[in-house]
Amino acid sequence: MNTQFSFNSPTILITGGAGYIGSHTAFLMYKKGYKVIILDNFWQNQSFNHNWAQVIKGDFADKKILEKIFKENQIDAVMHFAAFIEVGESVKNPLKYYQNNVVKTLDLLEVMLKHDVKKFIFSSSCAIYGIPQYLPLDENHPKNPINPYGKCKLIIEETLKDLYNSHNLKFVSLRYFNAAGSLFGENLGERHLNETHLIPLLLRAAKKNKTFTIFGDGYKTKDGSCVRDFVHVSDIAQAHVLALEYLNKNECSDFFNLGTGNGFSVKEIVAAVEKILTTKIKIKVEKRREGDPAILVADSSKANEILNWKPKYSDLENILKSALHFENIIYKDKNYSEEVQKF
Ligand code: UFG
């Protein structure tokens with residue numbers, strides 16, 4: 001594939017750009033004509049054979065690497081995806097999360113500011129809200145995260161507000177609801193070692209005729225299982241493009257929810273996967289997973305009004321079929337077959 005950026009294209013540094021949401025965004029930024037530098041430590045051991053970005057293997061807080069990147073390139077903005085992402089794990093091992101997702105992000109911000117890079121797009125999460133006091137969740141909802149993962153995201157959001165005041169760092173913080181699906185045809189998708197996410201695990205259970213575990217069915221929801229707002233990863237990627245345009249045009253910073261406003265229960269997702277694969281999935285119900293709120297559904301009207309963001313790919317069938325498409329790819333990938341076969 002020929003790269004589309006020209007000599008004068010703005011250069012964007014994308015940490016975690018070889019990961020799930022980061023790679024979809026990096027690809028879209030490239031398609032929009034930006035020069036993309038990906039900094040990723042490849043801890044998921046993922047293969048990443050794409051020539052549309054410059055890929056640097058390293059830690060996002062490695063000051064030597066960052067100094068070199070910022071000295072050698074005129075970085076216009078940083079998009080920061082690299083983070084640990086498992087709510088349940090964060091409850092069991094909080095220090096791992098505070099160290100990686102907070103302390104190291106502060107290091108990254110410090111080097112950015114030293115080099116006078118003043119635009120930052122942050123991968124935040126609906127996990128900052130905690131137990132909903134009303135639904136759907138808008139950006140003004142009280143922030144009472146119930147797990148260290150969400151607390152880390154909130155600490156960085158607060159830090160960003162302070163840096164906006166002290167250093168004029170302009171930022172957009174995008175609060176993702178449940179990212180899902182994949183981009184057809186680009187070998188990009190959800191690929192985690194020790195997968196914990198609902199949709200890939202369900203697809204694997206269906207394909208391998210294994211039992212899928214629902215974590216709790218005694219929640220006060222429509223059918224007792226948790227309800228989530230699934231938003232297609234390509235729609236999330238698009239929001240990053242719009243967020244950067246917003247920072248280019250405005251002298252302010254802001255926070256936006258990214259969801260569809262539709263909540264699906266875990267049991268509804270099971271039924272939808274069964275329908276698509278025309279199969280019955282064996283189910284068992286176990287106790288609740290620590291740190292899981294019963295319902296998370298977004299009010300994204302602010303992103304719609306200010307960024308002109310509208311989800312285009314997020315209907316459930318498209319999410320599931322595109323996720324299945326990628327699951328079929330990684331099933332054949334030698335680097336990954338062991339992990340997937342193990343399931
Ligand atoms: N679930 C099961 N069984 C499984 C896996 C998940 O029942 O084997 C349930 C979970 O308990 C939860 C729902 O499916 O109720 C969704 O779980 P995921 O692990 O797919 O997603 P989470 O909602 O826990 O987490 C995701 C992202 C986080 C983000 C969070 C916000 O991974 O980064 O959404 O809620 F912060």
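This is a predicted model: local features need pLDDT of at least 70, side-chain atom pairs count only at pLDDT 80 or more; totals for chains, interfaces and linings use all residues.
A polar contact is a pair of N or O atoms within 3.5 Å.

- Strands of a sheet pair through backbone hydrogen bonds, and the pairing can be parallel or antiparallel.
- Here 7 strands make up an open sheet with parallel pairing. Their order is β3-β2-β1-β4-β5-β6-β11.
- The edges are held by β3 (54–57) and β11 (254–258). Each of these has a single partner strand, so one side of each is left without a neighbour in the sheet.
- From one strand to the next, the twist averages 20°.
- Strands β5 (residues 119–125) and β6 (residues 170–176) run parallel and are joined by 7 bridges. Across this pair, S124 stands opposite R175 in β6.
- Helix α4 (residues 94–114) packs on the sheet and touches β1 (11–15), β4 (75–80) and β5. The direction of α4 makes about 165° with that of β5.

**Around the ligand**

- There are 20 residues around the ligand, and those that come nearest are S125, Y149, H197, R289 and D292.
- By class, this shell has 12 nonpolar, 5 polar and 3 charged residues.
- The side chain of R289 has an N or O atom 2.6 Å from an oxygen atom of the ligand.
- F215 takes part through its backbone: an N or O atom there lies 2.9 Å from an oxygen atom of the ligand.
- Taken alone, the ligand exposes 670 Å², and the protein buries 93% of that area.
- Both α6 (198–208) and β8 (211–215) supply at least two residues of the shell. The element that gives the most is β8, with 4 residues.

**Backbone details in loops**

- L135 and P136 are joined by a cis peptide bond, with omega at about -5°. P136 sits in the loop between β5 and α5 (148–167).
- N168 has a positive phi of about 60°, although N168 is not a glycine. This residue is found in the loop between α5 and β6.

Key
Residues are numbered from 1 along each chain as its sequence is written. Side-chain values use heavy atoms; hydrogens and water are left out. Two strands pair if DSSP finds at least two bridges between them. Axes are lines fitted to C-alpha atoms, for helices over the stretch in contact, and angles run from 0 to 180 degrees between N-to-C directions. Contact means heavy atoms within 4.5 Å. A residue is near a molecule or strand if one of its heavy atoms lies within 4 Å of it. A polar contact is a pair of N or O atoms within 3.5 Å; within protein, one must be able to donate a hydrogen and the other to accept it, and residues adjacent in sequence count only if both atoms are side-chain atoms. Accessible areas come from the Shrake-Rupley method with a 1.4 Å probe; for residues, only the protein chains shown count as cover. Ala, Val, Leu, Ile, Met, Phe, Trp, Tyr, Cys and Pro count as nonpolar, Asp, Glu, Lys and Arg as charged, and the others, Gly among them, as polar.
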